[in-house]
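Good morning, and thank you for coming.

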Amino acid sequence: MLFSRMLRTIRLERELSQRELAKLSGISPNAISYYEKDKRIPSIDAVQKLAAALNVNASIFLNPKEYEEFLSDSALYQPIKDFSSYEAKINLYGPPHTGAQEEQRKKRLLNSFYKMSPSGQKTLCERAEELLEITKNKKSID
């Protein structure tokens with residue numbers, strides 16, 4: 001499969017616009033457009049920056065078999081859409097801020113979460129649950 005199709009597919013799977021990917025990667029939106037239209041071949045440095053911004057290993061673009069495995073892995077391909085149960089857990093011990101600050105913090109957190117890869121979302125949720133468990137245990141000891 002062509003790099004152009006792989007890049008576009010992964011970008012869309014991450015629900016990112018070309019402009020958003022450009023901001024995350026430090027590559028111009030025009031260059032990303034050229035890559036996706038197969039009008040320009042990216043440098044190794046550009047591939048690494050794009051991979052980092054998309055939260056994938058750069059080798060995924062160089063190895064079609066790895067790319068196919070990425071697409072076929074249903075656990076990775078299913079982003080977590082319902083964050084409400086985790087949001088409730090985050091608020092379990094009360095927010096450290098109030099009002100507009102709290103809303104801005106939540107918005108930033110959720111925006112970051114939805115830009116993550118599905119596997120990143122899953123890992124984040126697992127880590128959040130671990131942290132909540134540690135906090136619960138610490139409060140019960142105190």
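Let me start with Glu36, which is found in helix α3. Helices here are DSSP runs of H or I with at least four residues, strands are runs of E with at least two, and both are numbered from the N terminus. Please keep in mind that this is a predicted model, in which local features need pLDDT of at least 70, side-chain atom pairs count only at pLDDT 80 or more, and totals for chains, interfaces and linings use all residues. Residues are numbered from 1 along each chain as its sequence is written, and side-chain values use heavy atoms, with hydrogens and water left out.

Is Glu36 buried or exposed? Glu36 has a relative accessible area of 11%, so it is buried. The term buried means under 20% relative accessible area, exposed means over 50%, and partly exposed lies in between, with a 1.4 Å probe and protein chains only.

Which residues does Glu36 contact? Neighbours within four places in sequence aside, they are Ser4, Leu7, Arg8, Arg11 and Gln18. Contact means heavy atoms within 4.5 Å. With Arg11, the side chain of Glu36 also forms a polar contact of 2.5 Å. A polar contact is a pair of N or O atoms within 3.5 Å; within protein, one must be able to donate a hydrogen and the other to accept it, and residues adjacent in sequence count only if both atoms are side-chain atoms.

I turn now to the helix itself. The buried residues of α3 are Ala31, Ile32, Ser33, Tyr35 and Glu36, and their cover includes α1, α2 and α4. After α3 comes Asp38, with a positive phi near 60°.

Next, the packing of helices. The axes of α1 and α3 come within 7 Å and cross at roughly 120°, which makes α1 oblique to α3. Phe3, Ser4, Leu7, Arg8 and Arg11 of α1 make this contact with Ile32, Tyr35 and Glu36 of α3. Axes are lines fitted to C-alpha atoms, for helices over the stretch in contact, and angles run from 0 to 180 degrees between N-to-C directions. Angles under 35 degrees count as roughly parallel, over 145 as roughly antiparallel, 65 to 115 as roughly perpendicular and the rest as oblique.

A second pair is α2 and α4, whose axes lie 8 Å apart at an angle of about 105°; these helices are therefore roughly perpendicular to each other. Here Leu21, Leu24 and Ser25 of α2 meet Lys49, Leu50, Ala53 and Leu54 of α4.

Now the core. The largest nonpolar core has 23 residues, of which Leu7, Ile10, Tyr35, Leu50, Leu54, Val56 and Phe61 touch the most other members. Such a core is a set of buried Ala, Val, Leu, Ile, Met, Phe, Trp, Tyr and Cys residues joined through side-chain atoms within 4.5 Å. Helix α4 gives the most to this core, with 6 residues. Beyond four places in sequence, Phe61 touches Phe3, Met6, Leu7, Ile10, Val47, Ala51, Leu54 and Val56.

Finally, the whole chain. There are 10 helices and 0 strands, and buried residues make up 29% of the 142 residues. The average pLDDT, the predictor's confidence in each residue from 0 to 100, is 75 for the chain. Confidence is highest in α3, at 95, and lowest in helix α7 (residues 74-77), at a mean of 42.
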